[in-house]
Amino acid sequence: MRVGGGKGARGRGGKNTVRGAGSATAWHRRTRRTITLAILLVAATASAQTPAETASTAFKDDVHAAAGFGCTACHAGAAAGAYAPTPRTAIAPMCATCHSDAALMRKFDPQVRVDQFLQYETSTHGKRMASGETRVATCTDCHGAHGVRRVSDPRAPVAPLNVTTTCGRCHGDPGRMKAFGREATPPADWGASVHATALLKRGDASAPTCVACHGSHGATPPGVTAVANVCAQCHLREAELFRASVKKDIFDAIGQAECLVCHNNHRIEPPADHWVGVQEGAVCAQCHDASTDSGKTIVGIRSELDRLASAMSEADALLTRAERAGMLVDDGRLAFREAREHHVQSHVLVHTFAADQFGKAAAEGLASAQRAHEAGEAALQEIQVRRRGLAVATLLVVAFLIALGLKIRSLGPG
Ligand code: HEC
Ligand code: HEC
Ligand code: HEC
Ligand code: HEC
Ligand code: HEC
Ligand code: HEC
Ligand code: HEC
Ligand code: HEC
């Protein structure tokens, strides 16, 4: 409205005199200042909302509000309008007054767990908090205090897509972690892992976030000896093979965790054939070189992996050429799929750390790749034969036409 008035003033002045222009500018400046002040005032009033109002707003969308609780459920003095800050060390015991009370909680949900506080007390977070160290996590750091959501709600801070960020607020904060002699790398390392790719890019909900490996309430890192149990929850086959292999006793003897030396705990990368070997960069080269028998076994395993990989890519290229030329190579594709299955198996069987079982899968893979190769070659030969046949037929037709032409000419006109 004021802007309209300003325009009107200028319009009314028509061709402004210098003085008129000057006073119009002053008027504009004043107007602008008034508007700015008004905006600032409105903004100030908005941000002057009391913590109690902010809490009330958030509480509208809270699982406790939905269950019929009010502010007094957690704030003893709230009835009198007093919201004394709850000391951080008192939060978990306060939440536990209900969440550890089975009789109360089962009225709301007969299946509900009531061991969160018990578990929390066993975790490093809980133990340190109990001893007065308030920089570790308590219930509200992971769940919030107002606007608490069910864990099944995708907006919950503990929902699978959000939980690494929730843990990352502290575990990705170098300042906070340094005080405890810890790295702030787990969140970023996890973010660069095959697990993050599976969860975030492929929507694979079975890929682990922090809590799948560490637990949510009993959040402790699995001890070195229990580490394999963590990976084995999901990678059963590799874990079984590892445990049946010579490596199990060897790693126990040298105090090495089962999977981590080759795969890491957080930054788990996509495995590849070049990991196997004694050359620089291979995971085995951390402990092996070419001079020993085990080194020779490793080099042997690697060369079989390489042979299989190149046999497969050659067979694939041949089959693709034949298909492009319009040939059906179903048998070849079947053999190729078999080769691929053996190829996958051979990667898993690397965890036997021995030549025999692995070698069997690799040899079967090579044989299948060979069959695929032969099918591709046969199809390409067939094309050659057909082309040759076509050429001969074309030649015959041309010869016939020429002969016919000559005959017609020899008959002459008339
Ligand atoms: C489920 C328990 C719970 C309920 C219910 C709850 N609060 Fe809180 N509130 C807390 C906790 C715990 C804190 C401590 C600060 C934190 O961790 O965020 C807190 C902090 C506060 C504070 C800040 C106090 C300060 O000075 O630090 C205010 C104000 C507040 N709550 C108001 C409310 C109001 C208003 C309601 C009802 C609409 C409410 N709360 C309901 C748990 C609760
Ligand atoms: C370090 C983060 C963290 C802390 C601290 C924490 N929780 Fe949780 N909580 C979670 C996660 C993550 C889940 C999701 C379920 C899961 O994956 O176990 C969860 C689930 C829950 C659930 C749903 C039922 C269940 O057990 O699955 C309740 C209730 C709960 N927490 C209450 C609490 C209470 C009470 C405290 C404090 C004593 C607390 N939490 C402390 C992370 C935390
Ligand atoms: C007055 C009792 C009471 C207190 C105190 C209380 N809760 Fe609850 N809470 C409940 C009840 C009851 C439910 C389940 C409601 C339902 O299932 O409908 C619940 C549900 C939850 C859930 C959702 C669990 C799920 O099913 O996904 C979380 C998370 C939670 N509470 C966390 C907390 C935290 C954190 C605190 C402390 C800041 C706290 N609660 C304090 C009674 C309480
Ligand atoms: C409020 C900050 C905060 C949040 C949020 C938090 N943590 Fe922690 N956590 C800490 C601090 C600080 C330590 C270090 C304690 C120590 O060394 O005494 C720690 C320690 C740990 C440890 C090491 C325990 C040990 O015994 O070595 C693990 C594992 C852990 N947290 C996992 C998690 C997970 C998983 C989450 C999320 C579900 C999480 N934390 C959320 C602050 C937090
Ligand atoms: C695939 C399983 C897995 C996932 C996912 C995972 N961790 Fe770990 N984490 C481990 C293992 C195993 C160790 C123990 C490493 C060791 O003993 O050398 C560990 C160790 C830790 C430690 C203790 C290291 C230290 O000395 O400070 C912290 C803290 C930690 N993880 C936090 C996290 C956080 C935060 C996330 C999520 C961003 C996460 N982890 C995700 C398996 C996992
Ligand atoms: C909660 C289940 C779960 C846990 C625990 C788990 N993983 Fe995984 N892991 C997955 C899923 C899901 C994938 C993705 C599957 C895929 O790519 O085919 C995956 C992928 C991988 C891959 C890549 C596989 C490939 O073919 O590219 C490796 C390597 C791996 N995990 C190692 C580990 C290690 C080491 C641990 C323990 C520190 C671990 N995982 C713990 C579920 C888990
Ligand atoms: C001594 C090193 C080493 C150890 C220990 C080890 N792995 Fe592996 N792992 C490898 C190598 C090398 C590959 C890749 C093979 C390839 O692609 O040629 C691999 C591949 C994998 C894959 C992908 C398999 C696939 O189908 O492509 C998974 C999953 C895996 N490992 C899980 C584990 C688990 C779980 C443990 C612990 C029980 C473990 N590994 C222990 C070296 C190791
Ligand atoms: C953390 C160190 C370490 C790593 C990493 C490691 N090894 Fe070993 N490995 C050993 C030790 C120690 C021995 C026993 C001494 C020896 O035979 O050289 C051994 C023995 C072996 C043996 C001989 C087993 C037998 O029957 O006596 C083979 C084969 C082997 N390793 C394969 C591998 C392969 C393949 C890799 C990589 C994927 C690998 N190792 C990575 C430490 C390691």
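What is the handedness of the crossing of α20 and α21? The structure is a predicted model, in which local features need pLDDT of at least 70 and side-chain atom pairs count only at pLDDT 80 or more, while totals for chains, interfaces and linings use all residues. Residues are numbered from 1 along each chain as its sequence is written, and chains are lettered from A and ligands numbered from 1 in the order in which they are written.

**First selection: two helices.** Select α20 (residues 330-349) and α21 (residues 355-411); helices are DSSP runs (H or I, at least four residues), numbered from the N terminus. Their axes come within 8 Å and cross at roughly 160 degrees. The two helices are therefore roughly antiparallel to each other (angle over 145 degrees). Their crossing is left-handed: the near helix is turned anticlockwise from the far one by less than a right angle.

Next, display the largest nonpolar core, which has 27 residues. Such a core joins buried nonpolar residues through C-beta atoms within 7 Å, buried meaning 20 or more other C-beta atoms within 10 Å of the residue's own. Ala315, Leu319, Ala369 and Ala372 have the most contacts inside this core. The elements giving two or more residues to it are α16 (236-244), α19, α20 and α21, and α19 gives the most, with 10 residues.

Finally, select ligand 8, which has 19 residues around it (C-beta atom within 6 Å). Cys284, Cys287, Ser294, Thr297 and Phe353 come nearest. Here too α19 gives the most to the shell, with four residues.

Notes. Axes are lines fitted to C-alpha atoms, for helices over the stretch in contact, and angles run from 0 to 180 degrees between N-to-C directions. Angles under 35 degrees count as roughly parallel, over 145 as roughly antiparallel, 65 to 115 as roughly perpendicular and the rest as oblique. A residue is buried if 20 or more other C-beta atoms lie within 10 Å of its own, exposed if 12 or fewer, and partly exposed in between; C-beta atoms are placed from the backbone.
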